[in-house]
Amino acid sequence: MVSFKNLLSKGVLSEKDVETIIERSSYAEDKTRLHRWLKLTYPHLSEDDQRYICKLKFKDFGRLSRRFLTEIEGADIETGEVYSIIDALWKTQNNLMELLSGRFTFRQEIESFSHEYYAEHPVTLEDRMNDMYVSNAVKRPVYRTLDIVKDVVKAFGEPKKIFVETTRGADPDQKGRRTKTRKQQILDLYSTCEEDVRALTAQIDAMGDYADNRLQSDKLFLYYMQLGKCMYTGRTIELEQLFSKAYDIDHIYPQAYVKDDSIINNKVLCLSEVNGKKQDVYPIDASIRNKMGGYWHFLKEKSFISEEKYKRLTRSTPFMPDEKMGFINRQLTETSHSVKAIAAILKEKYQNTEIIYSKARLVSEFRQIFDIPKSRLFNDLHHAVDAYLNIVTGNVYNMKFTKPWFDVTGKYSIKTETLFTRKQVCNGIVVWDGQQTLQKVKKIAVKNNAHFTKYAFFKRGGLFDQMPLPAAKGLIPLKKGLDTERYGGYNKASAMFYIPVRYETGKKTDICIMSVEMLYGDQFLSDTDFAVKYAKIRLKKIFGKQVERVEFPMGMRPWKVNTMLSLDGFRVCIAGISSGGKCLIAQPVMQFSAKGEWQYYLKKIEKFVEKCDKNPKYLYDESFDHVSKENNIALYDLYIEKYERSIYAKRINKPLQTLLSGRELFLSLDIKKQAKALLNIHMTFGRVAGGCDLKLIGGAPKAAATISFSANVSNWRKQYKDIRIIDQSSSGLWMKQSDNILSLL
């Protein structure tokens, strides 16, 4: 509209005319045709005006419609004034996100309009996601999410609230992070510093090869980055007393208002007595700013502190209410398009349900502060714990900070430790009962009994391995009729599903779990005669013998990819089949379980191995790494016990003999190799289809942990007595099992 200001003010064009011209210009690539259209449609425009308009460049279309901006009205809850979005943007100091907050009724009006529109114009879920420009990569988790919610609603009714976990976002300490170690960063800065830093450099040199380990401590790192001085007084810090109660790490922006643990932008080292007097007050006291301003400027100029940290230290104005609200909204809002799409679909489907965003970073902080460990390697149930903790933390934040009773000008704290160790009463309702509720949450979080499900599906997509192979027999032709012995072809046709087939060759009768190739899957299920012919050809190819008779003992019920089997109680999912078709490949889904302290210890091992992989010269320090040979041996023996006496004794291809024979070799390994060996052993308890490397204890690199077993059911009787299919609903709330498959023999 700015480009048409003169034409509008003179009355040559109306606003409607301008919008029509902009729309036309946006998709008109040929300016000659646009010029011709202007002459026909607006003959009163002068030739100069027409040429001017043709020179204007407009492209693309915005996501904000005319209806959204001008026709939906909302009210300011405090004043009662009614605006359209565009009027509110013009007449108030609020941006679009603030207009869509709880202070105005725009969000409710938009949701109401959306419900009415899709009630009158129903569309499929696929079309709805296309309207939202949801990528194919996101569609599958959306479908699965909706299946699980539908399952839960069936069991418990429509929920009052649905919590949607959102990503943590970029770590401010990772953005633009240097690849140098902390030690090297400090020494490089010292080399350009005009101050006398010889004593500080000597201290670092005295640490020797352990310097990088020691400097992982934020206190010690800040000590050297502040040149050994308190940030608020300038006094010299006694290194020998650094880790005593005499010194604190302070957050410049108080944690009560801002969640920012960035050592680059928000942490400083200071005297504890000064930090105690400062409390949760911002800005920093003027007397400190006046005294230390010059020193802070020096540190900024020499790159010891960032520009942002300097601004925070020197700012003289307090937080405004809208800033405080912005800090809170960062914990409660989401910008990810895919997450917002899921939330929108859920809201349309469950109109009386409140959709609440819960930041993954809040859960991570809650875990750290209240000592709830998370190891992705330990088992898969950390996902369930995260979901539970998202509800716990998200509900308290939602009730305390987003409702009308919250007063941003009053005293409050968003600091996790403060918020969840005290009773929180909102509008007369106790939403958190301090330590009592905290202990209950921690007790639930360490349980190992969450439902674990695998999504069973028909495989779609590539019909075979996509890389053509050289000329050979038995390949799939590149094109119909092409001789594979001359032109080559494709190998290993993709399996769409599996099905039990009873077959007879000579005097032998058996049942084979046969894969059905994607190319023929749909026809196989719809045409029984074709299925019989296909099975005979397929089985002859697998076993190299003529098959005289076939039948389907479980009917035409397909076994989808990820069909779950119970092998005398040990559960696995069918993940694939060998290229020859004689062996099934499976993933164990039994969740590893042990006392809580082992999860803590495994997490320490993971971190230790990660450091060693990043730095081959990394020096082990037991007091720093918290990994010891004594505990390593105890964990190794625990793994042996699991394979001897627990449900894992039923595991296919269990590596028990490798563990028993390799124990002496394990004892002789150094601490780093022991740690790597333990991580690989632990992976044999998880969903590893390709196997794990057990060479360090004398095992094979993959075969020791490969999960595969014969596709012939008669071979199953050699190891198991009871094998059943386990059918689970999406959430695992409902389950049924088949008859014993061995009884079909």
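Buried residues, meaning those under 20% relative accessible area with a 1.4 Å probe and protein chains only as cover, make up 43% of the 745 residues in the protein chain. This is a predicted model, in which local features need pLDDT of at least 70, side-chain atom pairs count only at pLDDT 80 or more, and totals for chains, interfaces and linings use all residues. Residues are numbered from 1 along each chain as its sequence is written, and side-chain values use heavy atoms, with hydrogens and water left out.

To the overall architecture. The protein chain holds 32 helices and 19 strands, taken as DSSP runs (H or I of at least four residues for helices, E of at least two for strands) numbered from the N terminus. Its C-alpha atoms fill a box of roughly 95 × 85 × 60 Å along the principal axes. Of the contacts (heavy atoms within 4.5 Å) between residues at least 6 apart in sequence, 62% join residues at least 24 apart.

I turn now to two residues. Threonine 418 sits in helix α22, residues 416-419. Is threonine 418 buried or exposed? Threonine 418 counts as buried because its relative accessible area is 19%. Beyond its neighbours within four places in sequence, threonine 418 touches Ser413 and Gln424.

Lysine 545, by comparison, occupies the loop between α26 (528-543) and β13 (549-551). Its relative accessible area is 51%, so lysine 545 is exposed, a term that requires over 50%.
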